[in-house]
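Colleague: Could you take me through this structure? I would like to start with the strands and then move to other parts.

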Amino acid sequence: MDIVLVTTVIASLFLVIGIAEPLAARLRLPYTVILAVLGILIGAGAIFFLRTELTDALNPVAEAILELPIRSNVFLYVFLPTLLFQATLGVNLRRMLDDWVPILVLAVVAVVVATLSVGYALSWVSTLPLAACLLIGAIVSTTDPSAVVSIFRSISAPRRLARIIEGESLLNDAAAIALFGLFMGFVMLGIPDPNLAEALARFPVLILGGAFTGWLAARVAVWVMALFSRHELAQISISVALPYLAYIGAEQSVGASGVIAVVAAGLTLNLTGPGRLPPQAWANLRELWDVLAHWAGALIFILAALLIPRLLEAVRVEDFILVGVVILAAVAARAVILFGLLPLLTALKVSPAVERPYRVAILWGGLRGAVTLALALAVTESFRVPDGIQRVVGILATGFTLFTLIVQGTTLRWVIGRLGLDRLSPIDEALSRQVVAVALQTVREDVARTTENYELSHDIVRSEAKRFGERLDNAVRSAEASSDILDRDRVTLGLIALAGHERDTILARVRERTISARMAEQVLSDADRLIESARSGGRSGYNRAARRSVAYGRAFRAASLLHSRFRLPGPLARMTADRFELLLSQRLVLRDLGTFIDGRIRRIHGRRLAVLLHELLSRRIDAVETALEGLRLQYPGYAEELQRRFIRRTALRLEEREYAAMREDGLIGAEVHTKLMEDLAARRAAAERRPRLDIALQRVELVRQFPLFQGLGEAGLKRLGRAFQTRYVNAGDIIIRKDSPARSVFFIASGAVEIQTAGQTWRLGRGEMFGQMAILMKKARRAEVRAIAPSTLLVLDESRFRRLLERSKVVRDAVRESAEKRGIAPEDLFSAEDA
């Protein structure tokens, strides 16, 4: 084939890709629908010109189009890894982990239900073997969420809903392709009725093998990329190789799912990359993958659509009935998930509540596309699949795809309009009017100053001011007419605006490199959680999300357990350092929000709400300061090291800005500027490295700060530091339950606890201990102890506490004083001990 002609055809396809997006926007249709229609028209046109007797002039072009090397392996080994890898890089992994239960259940269960529903429905109405029917079910169970997600974003649907759909689709494709591989094997081996339980039992092996392969490949890739920290193009090139090597390694070497391997590799890079790569390199890597995925997604749709006319050439009348069966079974399976399983998950409080209109939109927006056609093409190309099955698979998959694209895709926006999802809620409508009125008042003041500065003609200024004044009056009247927003709703709107500005502030700080790339994803995830919690739960939801942002998470507690039980300090040291940096970043951002409340929210919502938001902000700042103070007490030198690092990075940013200004003013040339920036980059790389945290050393320093342990000597302090176990608790956690056996004594390193016994309540803070009375009196616990703030406790078992009591007079005096406060005679306490 002439290389010039092939190059011309491929370049023309890119031209079609460029035209499709603005055309889709103008016609208000999903982008994938336009690509598919254009691909079908090109393929049909090529067949027509090749077979017509009207002219032979276009035969070379038609032959070049029809003879393009469009094989299933091209889709599966070239385009599919690109799409999946970019999707994993684009997801907010930390926020997706919040919803891992609904995502995983909807993805895996939806695929299995759709496969079984379509497979058994076809087996009942056709003569196809069950294995072939289940194969068709696996092929048509993949979904393309791009259309419904893009529309949801355009109508400001809840972000969490769009995230669940994206996450479900990502795992949906992986699970469907894994099932496809299983049933394809049965069909090629000629097994008509496979053992379904045995087939599904192999499914986890494919998943776990692929996940391990992808994780390992990504870890190696990140390690290599970190070695090339000053070579950005080398890092990006390694990222391009990663998904393809992971896919091929899993498929060809391990015998696992290559799709799962690509997903695992992308998620691993997404999680570890920002902390190991320079911020600009990571941003450029993401941009490159966005472009590659855009091209791959468009090409896979166009090239797959080119095959549709050929796949439908052998269609028969009875095939239309089978296509109808597939459509009904697939839609029914999707409806069972959305209207049966999803409400159940909501009732179990593992999934957000999804209103019925949104579920209808998701049901109708379950479009199929290029992945379905690629899998069908793999069947039609296999010489080991009987010809009759090849034909039916190609026709049913193609017919179902055309139905979803042409019928569902073209009517999706209309359905969303009929459901009322494209209209603002009454609260948002009222808010928008008030925002317009406030904005126009600010604009009028700014325009007045501008006209004075430029000394414009008074007549023109007067005429334009009159027109603008009329618009402002109308906006004010409209805002006054809609001023009946309930106070509760006004608080919710103010909190959403405040959390949104917090997110914008974080992004600005990341661009300035005041907040490190390592922490960017986590603080942004916390801000997103604040927005969603305020939207769904109002003031109480916002407060819950704020408390969660400073609480000790499950991963932190697991790391603490690894350290205390198995002497593995690495995870705890890393997560403690992360917590230090996270809290410092939160404090930096929170202190900037007061100006926004006074400057913006007060003008829109009034003084009362501004005062309330200041109170909530003040509580958040206090919570962050308390958590930071606790860490400083535990690790006294480390906080100072992080603060010095922050000052150095800020100085480097200001230095970089000064060099850029001098370059723009012509004070220094390009050569000097380049040299200065190279030196700056070297110093910045050193400043970005986080100081190492030594858990063991810091624990001895923490023990030394306790007044109770004075006089033990250096050797005694070290022994005690090794004997202590650390326990982290959040506000509200129960530390000691009433009537539980007494085995340990607790020393408060940071935070505060509340003791309740016999109708009385005591509060203890840093440096105090509790739990010793029950041990010394040899009785069950009579009190309940609960944390009232995120706290760090040092725990000592009974035998070590008794040895400490023998060695330290200060500890004995503290025990006596505590006993007297509670009305217990010290003689009784120590006589019980002697007995």
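This is a predicted model: local features need pLDDT of at least 70, side-chain atom pairs count only at pLDDT 80 or more; totals for chains, interfaces and linings use all residues.

Colleague: Which sheet is E8 in, and what is the strand order?

Modeller: E8 belongs to an open sheet of four strands, ordered E1-E8-E3-E6, and the pairing is antiparallel.

Colleague: Which strands stand at the edges there?

Modeller: The edges are strand E1 (725-729) and strand E6 (769-770). Each has a single partner strand, so one side of each is left without a neighbour in the sheet.

Colleague: Which residue in E8 is the bridge partner of Thr-726?

Modeller: The partner of Thr-726 is Leu-794. Leu-794 in E8 is also the bridge partner of Phe-747.

Colleague: And what stands opposite Phe-747 in E6?

Modeller: That is Met-769. Strand E3 (residues 744-750) and E6 run antiparallel, with two bridges joining them.

Colleague: Now the other sheet. What is the order in E2-E7-E4-E5, parallel or antiparallel pairing?

Modeller: The order is as you wrote it; the four strands form an open sheet with antiparallel pairing. Strand E2 (734-736) and strand E5 (760-764) are at the edges with a single partner strand each, so one side of each is left without a neighbour in the sheet. On average, neighbouring strands of this sheet are turned by 25° against each other, with direction ignored.

Colleague: How many bridges are there between E4 and E7?

Modeller: Four bridges pair strand E4 (residues 753-757) with strand E7 (residues 784-787) in the antiparallel sense. Within this pairing, Gln-756 stands opposite Glu-784 in E7.

Colleague: Where is Asp-739, and is it buried or exposed?

Modeller: Asp-739 lies in the loop between E2 and E3. The residue is exposed, because its relative accessible area of 58% is over the 50% cut-off. Asp-739 also has a positive phi of about 70°, although it is not a glycine.

Colleague: Why would you point that out?

Modeller: Most residues other than glycine have a negative phi.

Colleague: Let us turn to H14, then. How many residues does it have, and how far does it reach?

Modeller: Helix H14 covers residues 317-347, which is 31 residues. From the first C-alpha to the last, H14 reaches 45 Å, close to the 45 Å expected at 1.5 Å a residue.

Colleague: Where is the kink in H14?

Modeller: The kink, of about 30°, lies at Leu-341, shortly before the proline Pro-343.

Colleague: I am also curious about Glu-581. Where is it, and is it buried or exposed?

Modeller: Glu-581 is in helix H23 (residues 570-590). With a relative accessible area of 5%, Glu-581 is buried, because that value is under 20%.

Colleague: What does Glu-581 touch?

Modeller: Not counting residues up to four places away in sequence, Glu-581 touches Ser-516, Arg-518, Met-519, Leu-642, Arg-645, Arg-649 and Arg-690.

Colleague: What about Arg-683, and which residues is it in contact with?

Modeller: Arg-683 sits in helix H27 (residues 670-688) and is partly exposed, with a relative accessible area of 38%. Leaving aside neighbours within four places in sequence, Arg-683 is in contact with Leu-652 and Glu-655. Arg-683 and Leu-652 are 31 residues apart along the chain, and their C-alpha atoms are separated by 8.1 Å.

Colleague: Finally, the whole chain. How many helices and strands are there, and what percentage of the residues is buried?

Modeller: The chain has 33 helices and eight strands. Of its 835 residues, 50% count as buried. The chain exposes about 40100 Å², of which carbon and sulfur atoms supply 58%. Among contacts with a separation of 6 or more, 79% are between residues 24 or more positions apart.

Key
Residues are numbered from 1 along each chain as its sequence is written. Side-chain values use heavy atoms; hydrogens and water are left out. Two strands pair if DSSP finds at least two bridges between them. Buried means under 20% relative accessible area, exposed over 50%, partly exposed in between (1.4 Å probe, protein chains only). Contact means heavy atoms within 4.5 Å. Accessible areas come from the Shrake-Rupley method with a 1.4 Å probe; for residues, only the protein chains shown count as cover. The expected span of a helix is 1.5 Å times one less than its number of residues. The bend at a residue is the angle between axes fitted to the seven residues ending there and the seven starting there. Axes are lines fitted to C-alpha atoms, for helices over the stretch in contact, and angles run from 0 to 180 degrees between N-to-C directions.
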